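Subject: Handing over the model

Hi there,

Here is the structure I promised to pass on to you. Have a look at it first, and then read on for what turned up.

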Amino acid sequence: MSPYPTIQRPHQGNALLPLLMIAGIAVAAIGMGYLLKSLRAPPLPAWSSNSAQETQFVDALLSRMTLEEKIGQCNLATPAIDLSADRTALGVDPSRALDIFQLSATQREDLRRGHIGGFIGAAGGDFVRTAQAEVAQSRLGIPLLFGAEVLHGYATIFPSPLAEVASWSPTLAERTARAAAREATAVGINWTLAPAVDVARDARWKRIGESAGEDVLLASQFTIARVRGFQGEALDSTDTIAATARHFIADGAAEGGLDYAATDLSEHTMRSVYLPPFQAAINSGVATIMTSFNDINGMPGTAHKSYLIDLLKGELGFSGFVIARPQAGAKSLSHDTTIDPYEAIQRTYAAGVDIRLGTMPCGEQLRTWNQGKPLEKQYIDDATRRILSVKYQLGLFDNPLRYAKKQPKKELLSTAARQLARTAGRESIVLLKNEGGLLPLAKRGQRLALIGPFIKDKQHLNGSWLPLHRRSAGVSLYEGLVAARGGENGLLYTQGSGITTPLTDGIAAAVREARRADVAVLALGTVSKQPKDAAIRTRLRLPDAQLALARAVIATGVPVVVLLRNSGPLALPWLAEHANAIVETWFLGSETGNAVADILFGDYAPSGRLPVSFPRYAEQEPLYYNHKNSGQPSAALFPFGHGLSYTSFRYEAIELDNWLVPPQEDLKVTVTVRNTGQRDGETVAQLYLHDSVASSTRPVRELKAYQRQHIKAGETAQIEFTVPESALRLVNNQQQWVSEPGRFDVFVGANSVTGLQTHFHSIQQRDATEALPLRVGWDGANNGLERALSQATATKQHDISELVALYHQYRAVIQGAIPPSSVTLTVSITTGSRSIAEGGGELWLQLFADHSAWENGVATAYRLLPPSEGTVVTTFPGLTPGDYALQLFDDLNGDAKLNVDALGLPTEPVTFSNSAKYTLHGAPDFQAVRVRLSPGTLSLSLPHP
């Protein structure tokens, strides 16, 4: 049963009965009955978690609402703050922070009139219960939303969003979002303005620390994980909250990295790069989406109807509500699209905004504006319906107090949450450099000089966008190192410099301490909101005071470990050359010190990888790995995907399960990786593709799959990737996602610029009369099937129906194989009319046990074949499974065709043509056909000459 009887009651009909009875003399009895019936609205349907009843409930409620009440649902208020509250305890006891929120007299009145739909930035069971009690007295008693920016934690703070992406573990992100939701709901919050899903390609953008990095795949997968973490299996659970994907769209693409600046964005780039993470959020059921702040192609993002209505709500089918920040109307003014503030607000609603955040009385503005310029009903009705639907899904109509726990303290800063924060912190740390294996450090027997403004700092552990009371909470670096070593013995500390300014005698003291130590640990970095130009990240380097400190300490000759604390990429060319080790620690949150100590002392081997490219100089920006092939961008200092471990890995071999991939079929790629070091460790194997020829220009590489793999010292692992057909799609010139036939290069390795390489071809079943529209580049391959396909695509006139048929025949042979105990290789050679018969020479067929040994000319077995024209069949019986090479050799120029089969396979052979010319007297320009024989499997390919 709903605790809101006012929702179920008739609409004021009974209060009018006395007046109606007075008028009854003039009204016929049947007319009186009809009038009474019309004044009593039927009760609302009962709330149910069954989504099928949601539309019926919301429509019924919407039909009863006045325009004033609808506008009220679109209005979010900010709470009054009790400035007398004792804030000294807020960092210690987060539940104390809830005491500062209050309702003003005006807000109480607005709640009773139904003119407020929710609060932003407020929490606490007492506040929530008070506010819900006030709104329950309104005519319809529609419950309230309580939103907050729970971006990466509420009481327990987890690594900042970009830092967490460095873990390359969406599973971890789902767990931290789930933990954050539990703490937030404990204090009454039912809606978070997270996650930020922006793809960020320019390190100068000051919000890059809250983004999902520069890669589309990582951004999409972390978006899915975080939405699932916040919203759980059902929004009406008592520990789940509505999530918000932000900022729609391309907020991080502003010119020059300047926040809120203009963005000139092509349709192709929008759909290829910036849209996929939002599509992933919508597919995951995200409840709300926030608009961007920038000007996109000449229109404010907060009033961009073609994006918000046509694309987001139309094409993508988003059914939740759209949020704009307080600047929504102001942005229309600042972008010079109107001079009327009321028109600016109206434009945002007409363009698809449903609700607006902030302290400005949006509801009052809309009501005032509507008196002179009536608001179109369709806009406000659609906005109200979407807001009511989210409230319904949260279960607020069933129990508006489900998120107002009376004893929240036990849910905050739990042991499990702190341990998760520590795990997330150490998995997010990236080892950028480790010259000479300086790390890990010894817990005993080494004297460490701890130097820098961030050694004991606790004000900047968490980054930006945090609840007020968590600004100074958490474990400092110093506290974590002391705990790991069991005390302060052997730890020498001096600050050395301030964050942006030098200290008197600071460098001299740092040099003295460094010379007394075995290793110097420098804690350097930037803060999330530095003044002046650092706020828009135009320099991308450490402050001068810290650089001077680093130069002086490194000049002592003592081994130096640099610990970086920063929100996004920094340009560190001098440090990268001169420091012995560099560790990227980002903003790690509540367990910063413990997580860093786990890495420094080797209790946990570093496994993080960069989700963004680190430039050598700020002038390189925007810098990202998946750029187009045109131009020659300068190399990154530390590339996307880079990260070291305390061991070493060698990528030894890469294999594909197929080199011709038909429509709707997945490709399996297997890579062999060996741990060549002395310690166990974890590698992050990364698979990239390059579409070498396409209807639109393609990036040099695109991340399509990755796997974290723990490998013990000295052991080898087989890592298998599945590349779905969808990973081969691109946005064509008609702005549609399509698959196209052609060649794809495959790269598998430890980052975006290294790795093993191979290729495959995507094909499509076509009508025999249809010309292949693309040209495919080849590396001189002479294999019959590849060569025929090459010729077909080069002429653009040859249909490939026969090749496709041959491909399917080839697959049928492999898939239908009967596993024999040993393999007999059967080879038939058909000589052409100009071959051996004309000269009376000899024909040799040589078999090499190692498919690479043919280059050395040492045959394992051979057959001398008659020099007659026609077909000769020979066999190599009793072969064990393995790799072989076949070389056809004659002493005259000629053509020959090889048919290769294996005993136990279907009788119809797999045919490969070899048309290479062979020269005289043992100096052939020859090629070898590679044959892989295993029980039940026959695989043929041709290596390069």
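Let me start with a term: a salt bridge here is a side-chain nitrogen of Lys or Arg within 4 Å of a carboxyl oxygen of Asp or Glu. Before the findings, please note that this is a predicted model, in which local features need pLDDT of at least 70 and side-chain atom pairs count only at pLDDT 80 or more, while totals for chains, interfaces and linings use all residues. Residues are numbered from 1 along each chain as its sequence is written, and side-chain values use heavy atoms, with hydrogens and water left out.

**Salt bridges**

Searching the whole structure gives 37 salt bridges. One of them joins Arg204 to Asp202, with 2.7 Å between the closest N and O atoms. Is Arg204 buried or exposed? Arg204 counts as buried because its relative accessible area is 18%, where buried means under 20%, exposed means over 50% and partly exposed is in between (1.4 Å probe, protein chains only). Asp202 is buried too, at 6%.

Another salt bridge brings together the side chains of Lys668 and Glu720, at 4.0 Å from N to O. Lys668 belongs to strand E21 (residues 667-675) and Glu720 to strand E24 (residues 716-723), so this pair ties together parts that are 52 residues apart in sequence. For the naming, helices (H or I, at least four residues) and strands (E, at least two) are DSSP runs, numbered from the N terminus. Lys668 is partly exposed at 34% relative accessibility, and Glu720 is partly exposed at 43%.

Arg708 and Glu682 also meet through their side chains in a salt bridge, at 2.7 Å from N to O. Here the pair ties together parts that are 26 residues apart in sequence, because Arg708 sits in strand E23 (residues 702-711) and Glu682 in strand E22 (residues 681-691). Arg708 is partly exposed, with a relative accessible area of 21%, whereas Glu682 is buried, with 18%. There is a network as well: Glu149, Arg207, Glu210 and Arg246 are joined by salt bridges that share partners.

**The sheet around Arg246**

Arg246 leads us to a sheet, where its bridge partner in E8 is Met290. Strand E7 and strand E8 (residues 288-291) run parallel and are joined by 4 bridges; two strands pair if DSSP finds at least two bridges between them. As a reminder, strands of a sheet pair through backbone hydrogen bonds, either parallel or antiparallel. What is the order of the strands in this open sheet? The 4 strands follow the order E7-E8-E11-E12, with parallel pairing. At the edges are strand E7 (244-248) and strand E12 (355-356), each pairing on one side only. Helix H13 (residues 305-315) packs on the sheet and touches E7, E8 and strand E11 (321-324), contact meaning heavy atoms within 4.5 Å. The direction of H13 makes about 140 degrees with that of E7; axes are lines fitted to C-alpha atoms, for helices over the stretch in contact, and angles run from 0 to 180 degrees between N-to-C directions.

**Aromatic rings**

The whole structure holds 17 aromatic pairs. Rings of Phe, Tyr and Trp (its six-membered ring) pair if their centres lie within 6.5 Å, and planes under 30 degrees apart count as stacked, over 60 as edge-to-face and the rest as tilted. Phe127 and Phe146 make an edge-to-face pair, 6.2 Å centre to centre with 85 degrees between the planes. Phe127 is in helix H7 (residues 125-135) and Phe146 in strand E5 (residues 145-148), so the pair ties together parts that are 19 residues apart in sequence. Both of these residues, Phe127 and Phe146, are buried.

Trp168 and Phe640 form a tilted pair, 5.4 Å centre to centre with 45 degrees between the planes. This pair links distant parts of the chain, 472 residues apart: Trp168 is in the loop between helix H8 (161-165) and helix H9 (170-186), and Phe640 is in the loop between H23 and E19. Trp168 and Phe640 are buried. Ring pairs also gather Trp168, Tyr625, Phe640, Tyr688 and Tyr706 into a cluster.

**Ser613**

Ser613 lies in the loop between helix H23 (592-600) and strand E19 (649-656). It counts as buried because its relative accessibility is 4%. Among the residues that Ser613 touches, not counting those up to four places away in sequence, are Glu214, Tyr625, Ala636 and Phe640. Ser613 and Ala636 are 23 residues apart in sequence and 6.2 Å apart in space, C-alpha to C-alpha.

Enjoy exploring!
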